[in-house]
Amino acid sequence: MNLRVGFIGGGNMAEAFIGTFINGQILLPSQVIVSDVSEERIRYLSEKFGVKVSLKNIDVVTNCDVLFLAVKPQVLPSVLREISPVVSPAQILVSMAAGFPIRKIEEFVGDDKKVVRIMPNILVKVGHGVTAYCDNLRLLDEERRTVKELLSQTGRVVDIDEKLFDAVTAVSGSSPAFFFVLIEAMCDGAVRLGLPRDKAKELVVETLIGSSIMAREENPSLLKDSVTSPAGTTIEGIAKLEEKGFRSSLIEALKSSFERSKEISKLIEEL
Ligand SMILES: NC(=O)C1=CN([C@@H]2O[C@H](COP(=O)(O)OP(=O)(O)OC[C@H]3O[C@@H](n4cnc5c(N)ncnc54)[C@H](O)[C@@H]3O)[C@@H](O)[C@H]2O)C=CC1
Ligand SMILES: O=C(O)[C@@H]1CCC=N1
C-alpha cells in the first residue's frame, strides 16, 4: 500500500500491527515510523523490523499519513497535547486506547481532524485479530476504505457503534487473555492426568482451534449437545463446570472488564 504509517507508542500492540504489516509485505519498513519514550523499545523494533524510529513523537506525526496512537489511555492526553500543534487535517489518527472516546480526542486536536477509534486485540499479531471500527465521519469514503483495508491485513474489521466500545473491549479486546488462562488451566488439568505438558498443549490448543472453526458456522449449544452422550463422560465434566460456576464466571468476567472500560472513560471525561 502506498502509505506512510506512524505509531506513537511502540509496545505490545504496535509491535503486533507492525509485525503483521511488514511480515505480510503490506508495507515496506521504510513506510513505517515509530516513537516511544523507551530507547530499548525503539532499538528493538528497529532491529526486528527495520522500521524508522524516533524518541520524538513529533517526528512520527510529521512523517506519516496514518497515525496509530498506541499508548495507554492514561498517557494519551499528554501525547495529544504534545502533538496537536502539528497534526494536519489531512492526516488520519487511529486511536486504539481503551475507554477513550473520539469526542475527547477531538477536544485535544480539534474537531476538523480525521479520527478513527478502533478496539483491536492481540491476535492481530498472527493475522487473526478482530478489530472494532468507528470514525468521526471526517474521512472521505476512499480514506475510510484505505484504513479498513490496512486493518483487515491483521484479521477481521467489524463496524461497531462507538456506544458499544466498552462492551467490545471486554468481548474481544480483553478476552484473548481469558482464553489464554483457559488453555493454561486445561494444560494443568491434562498434566494432572499424566500427559506430558507439550502433548497436553498440542491437544488443548488444536481442540480449541477446531471448536472455534465449528462454532463460526454453527450454533454452539447444538454443538455442545452433539458431544454430550447420555450418561457419558462429557456431561460429567459439564456438570462439574456448572457446579464450579464456569458459565457465570465468564459472564461476570466480561461485565467486570466492561465496567473497567466505562470507569476509564469516566476518568478521561473528567480530564
Ligand atoms: N494489549 C492489548 O491486548 C490491547 C491493547 N489495547 C490498547 O492499546 C494501547 C497500547 O497497549 P499496549 O501496546 O498493550 O501497551 P504497552 O504498554 O505494551 O505499550 C505502550 C508503549 O507506549 C510507550 N509510551 C509511554 N509513554 C509514551 C509517550 N509519552 N510517548 C510515546 N510512547 C510512550 C511505552 O514505553 C510503551 O512501549 C492501549 O491504549 C490499550 O488500551 C487495545 C486492544 C488490545
Ligand atoms: O487491558 C487493557 O486495558 C487493554 C484493553 C483491551 C485489552 N487490553
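Predicted model: local features only at pLDDT ≥ 70, side-chain atom pairs only at ≥ 80, totals over all residues.

## Helix 4 and its neighbours

The buried residues of helix 4 pack against strand 1 (5-8), helix 3, strand 4 (66-69) and helix 5 (102-109). Which residues are those? In helix 4, which runs over residues 76-83, the buried ones are Leu-76, Val-79, Leu-80 and Ile-83. They sit on the same side of helix 4, because they cover an arc of only 100 degrees around the axis. Turn to the face pointing away from that buried side and you'll find Ser-78 and Arg-81, which are exposed.

Now for the pairing with helix 5. The axes of helix 4 and helix 5 come within 8 Å and cross at roughly 35 degrees, and the crossing is right-handed. On the helix 4 side, the contact is made by Pro-77, Leu-80 and Arg-81; on the helix 5 side, by Ile-105, Phe-108 and Val-109.

## The annotated binding sites

UniProt has an unreviewed entry that lists a "binding site" at Ile-8, Gly-9, Gly-10, Gly-11, Asn-12, Met-13, Ala-70, Val-71, Lys-72 and Pro-73. These residues are spread over 66 residues of sequence, yet they cluster in space, with a largest C-alpha distance of 14.1 Å.

Pick out two of them. Gly-10 lies in the loop between strand 1 and helix 1 (12-23). Is Gly-10 buried or exposed? Gly-10 counts as buried, because it has 26 C-beta neighbours inside 10 Å. Setting aside neighbours within four places in sequence, its contacts are Glu-15, Val-34, Asp-36, Arg-41, Ile-42 and Leu-45. Pro-73, in the loop between strand 4 and helix 4, has 19 other C-beta atoms within 10 Å, so it is partly exposed. With neighbours within four places in sequence left out, Pro-73 touches Ala-97, Ala-98, Gly-99, Phe-100, Ile-264 and Ile-268.

Asn-57 is also listed by UniProt under "binding site", again in an unreviewed entry. You'll find Asn-57 in helix 3, which covers residues 57-61. Asn-57 has 24 C-beta neighbours inside 10 Å, so it counts as buried. Leaving out neighbours within four places in sequence, Asn-57 is in contact with Ile-8, Ser-35, Val-79, Glu-82 and Ile-83.

## The annotated domain

The unreviewed UniProt entry also places a feature, "domain: Pyrroline-5-carboxylate reductase catalytic N-terminal", at residues 4-99. In the model, that span is 38% helix and 20% strand, and its end C-alpha atoms lie 27 Å apart.

## Helix 7 meets helix 11

Which residues meet here? Helix 7 brings Asp-166, Ala-167, Thr-169, Ala-170, Val-171, Ser-174 and Phe-178, while helix 11 brings Ala-253, Leu-254, Ser-257, Phe-258, Ser-261, Lys-262 and Ser-265.

## Stepping back

Finally, the whole chain. The protein chain has 11 helices and eight strands, and its C-alpha atoms fill a box of roughly 70 × 40 × 35 Å along the principal axes. Of its 271 residues, 32% are buried. Among contacts with a separation of 6 or more, 66% join residues 24 or more positions apart.

Key
Residues numbered from 1 in each chain as written. Chains lettered and ligands numbered in written order. UniProt positions renumbered as here; feature names shortened; annotations may be inferred. Helix = DSSP H or I, 4+ residues; strand = E, 2+ residues; numbered from the N terminus. Buried ≥ 20, exposed ≤ 12 C-beta atoms within 10 Å, placed from the backbone. Contact = placed C-beta atoms within 7 Å. Arc of directions from axis to C-beta. Axes fitted to C-alpha atoms, helices over the stretch in contact; angles between N-to-C directions. Left-handed = near helix turned anticlockwise from the far one by under 90°.
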